[in-house]
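Open the model in your viewer and follow the stops below. Each one says what to select and what is there.

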Amino acid sequence: MDDLMKGEPASGFQTLLGYTLVRWEEGVAEVELTIAPQHRNRGGVLHGGALMTLLDTVMGFAETHCAVPGHSRRVVTLSLSSNFLGAVAEGTVVARGTLLGGGRKIVGCRGEVRRKEDGALLASAEGMFKYAPGSENPEGTPR
């Protein structure tokens, strides 16, 4: 697989949870997570906190694609509204984030998490995000 992170190392949180970036282009991103015991809640299903993390993460990626080698873009989450619609205990989930639009510094995004095996919708979210200084420009800033 191509290095979608373009040489940027995985964050500590990404390493801890074990999700993988599988698509990253202007305005859209996808991450996958194969459910393991550490991702399940006391009821034995994928924890809502893991779903929220995937939604927040994938929406952040959707807003920060940068085509300039050695540069990156960053956002911080201002608000995140979520809906939990289903449960899953095993298999792989796919989270997809899509940029909705906004201004120069504050943008909105939509996200959803689906079971990879059958496409069943598990969670959805919308959020508002603020670009870090320099990240509002598509060329980003040097890492």
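Select Ala29 first: its bridge partner in β5 is Gly97. β2 and β5 run antiparallel and are joined by 7 bridges. Two strands count as paired if DSSP finds at least two bridges between them.

This is a predicted model, in which local features need pLDDT of at least 70, side-chain atom pairs count only at pLDDT 80 or more, and totals for chains, interfaces and linings use all residues. Residues are numbered from 1 along each chain as its sequence is written, and side-chain values use heavy atoms, leaving out hydrogens and water.

Pick Thr98, and find its bridge partner Arg110 in β6. Then pick Val94, which stands opposite Arg114 in β6.

Now show the whole sheet. In what order do its strands lie? The sheet is open, has 6 strands and reads β1-β2-β5-β6-β7-β4, with antiparallel pairing. Colour β1 and β4 (75-84): these are the edge strands, and each pairs on one side only. From one strand to the next, the twist averages 20°; axes are lines fitted to C-alpha atoms, for helices over the stretch in contact, and angles run from 0 to 180 degrees between N-to-C directions.

Last stop: Trp24 and Phe61. How many aromatic pairs does a search of the whole structure find? The search finds 1. Trp24 and Phe61 form this edge-to-face pair, 4.9 Å centre to centre with 75° between the planes. Rings of Phe, Tyr and Trp (its six-membered ring) pair if their centres lie within 6.5 Å; planes under 30 degrees apart are stacked, over 60 edge-to-face, the rest tilted.

Trp24 sits in strand β1 (residues 20-25) and Phe61 in helix α2 (residues 48-63), so the pair ties together parts 37 residues apart in sequence. Are these residues buried or exposed? Trp24 is buried, at 12% relative accessible area. Phe61 is buried too, at 13%. Buried means under 20%, exposed over 50%, and partly exposed in between (1.4 Å probe, protein chains only).

Key: Helix = DSSP H or I, 4+ residues; strand = E, 2+ residues; numbered from the N terminus.
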